[in-house]
Amino acid sequence: MNIELEKQFQELQERVKKLEIGTKDQLSMVVFSGDLDKILAALIIATGAAAYDMKVKLFFTFWGITALRDPKKKGKGKNLIEEMFGMMLPKGAGKVKLSKMNMGGMGTAMIKGIMKKHKVASLKEMLKTAGEIGVEINICEMSMNLMGFKKEEMIDYPGVTICGVATFLSDAQESKIQLFI
Amino acid sequence: MTTEELRNLKPNTIVDARGTACPGPLLAAKKGIGEINSGEIMEIYSSDEGTKNDIPKWCQKMTHEFLGIVEEDSYSRLFLKKA
């Protein structure tokens, strides 16, 4: 009888452990888009969640990474194609464009003016706030390689890490909220 | 709490988030709450309409007690007690 009970108890303990994994007060977000509006939304949600005392982990991949480039820095040892990619893609959060109504840059310039008028923080300011409030940023290594981005040309962000899909998956698995933007 | 009672409250800290848009007031509240002790009162100034819905929700989640809102001409004053 006792052995039977002990077995049941162990089984229950294991089940509780499994359940607890998915209940962390944590937000995992893939930031895939390289558009001003979408990244702004991502950062507002991220900093908002941090204000809710949630642990926030952003996984920047593909076009999203362009917002993390530092225009003052330069990556070393790039081949011709990588150099071209670097030249053609936006150099940092100040250069990303609207996903709609860009109109050759006019729309983006206009929305930036409107954002200022409505006291909405710029992407750069949002990134700074995110860093201060403890939002974690992970960058997808594969995307960096594809586009020829180097770690040394990324902005100075506290604790920024280069990683792979496994990091995102293990973070996402234990998060209450998972988003893809 | 009635408006009169709220007006007579003596907050332990006042956070002025006027002129910031979402999520500015929320971030300001998060920063301010770290500077007071449990049971103390914080007042938030905000000119952002959404804050009036956001801060009560935030309080609920963080288990702070939301005390109420006083409307001024161009902004709102939100009161809460830290859990």
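How many helices and strands does the secondary structure of chain A come to?

## Chain A at a glance

The count is seven helices and five strands, where helices (H or I, at least four residues) and strands (E, at least two) are DSSP runs numbered from the N terminus. Going along the sequence, the pattern reads α-β-α-β-α-α-α-β-α-β-α-β.

Keep in mind that this is a predicted model, in which local features need pLDDT of at least 70 and side-chain atom pairs count only at pLDDT 80 or more, while totals for chains, interfaces and linings use all residues. Residues are numbered from 1 along each chain as its sequence is written, and chains are lettered from A and ligands numbered from 1 in the order in which they are written.

## Overall dimensions

Chain A has a radius of gyration of 20 Å, whereas a compact globule of 181 residues would come in near 16 Å; the radius is taken over C-alpha atoms, and the globule rule is 2.2 Å times the number of residues to the power 0.38. Along the principal axes, the C-alpha atoms of chain A fill a box of roughly 75 × 45 × 25 Å.

Of the 181 residues in chain A, 30% are buried. Here buried means that 20 or more other C-beta atoms, placed from the backbone, lie within 10 Å of the residue's own.

## Helix 5 of chain A

Helix 5 (residues 123–133) of chain A has these buried residues: Leu123(A), Met126(A), Leu127(A) and Ala130(A). They sit on the same side of helix 5 of chain A because they cover an arc of only 100° around the axis, going by the directions from the helix axis to the C-beta atoms. As a rule, an α-helix has 3.6 residues a turn, so residues three or four places apart point the same way.

Part of the cover over those buried residues is helix 2 (36–51) of chain A.

## Where chain A meets chain B

Twelve residues of chain A are in contact with twelve residues of chain B, contact being C-beta atoms, placed from the backbone, within 7 Å. On the chain A side, helix 2 and helix 5 each supply at least two residues, and helix 2 of chain A gives the most, with four.

## A sheet in chain B

Chain B has an open sheet of four strands in the order 1-2-4-3, with mixed pairing; strands pair if DSSP finds at least two bridges between them. Strand 1 (13–16) and strand 3 (65–71) of chain B stand at the edges, each with a single partner strand, so one side of each has no neighbour in the sheet.

Strand 1 of chain B pairs with strand 2 (residues 41–46) of chain B in the parallel sense, over four bridges. Thr13(B) has Met42(B) in strand 2 of chain B as its bridge partner.

Technical notes: Buried ≥ 20, exposed ≤ 12 C-beta atoms within 10 Å, placed from the backbone. Contact = placed C-beta atoms within 7 Å.
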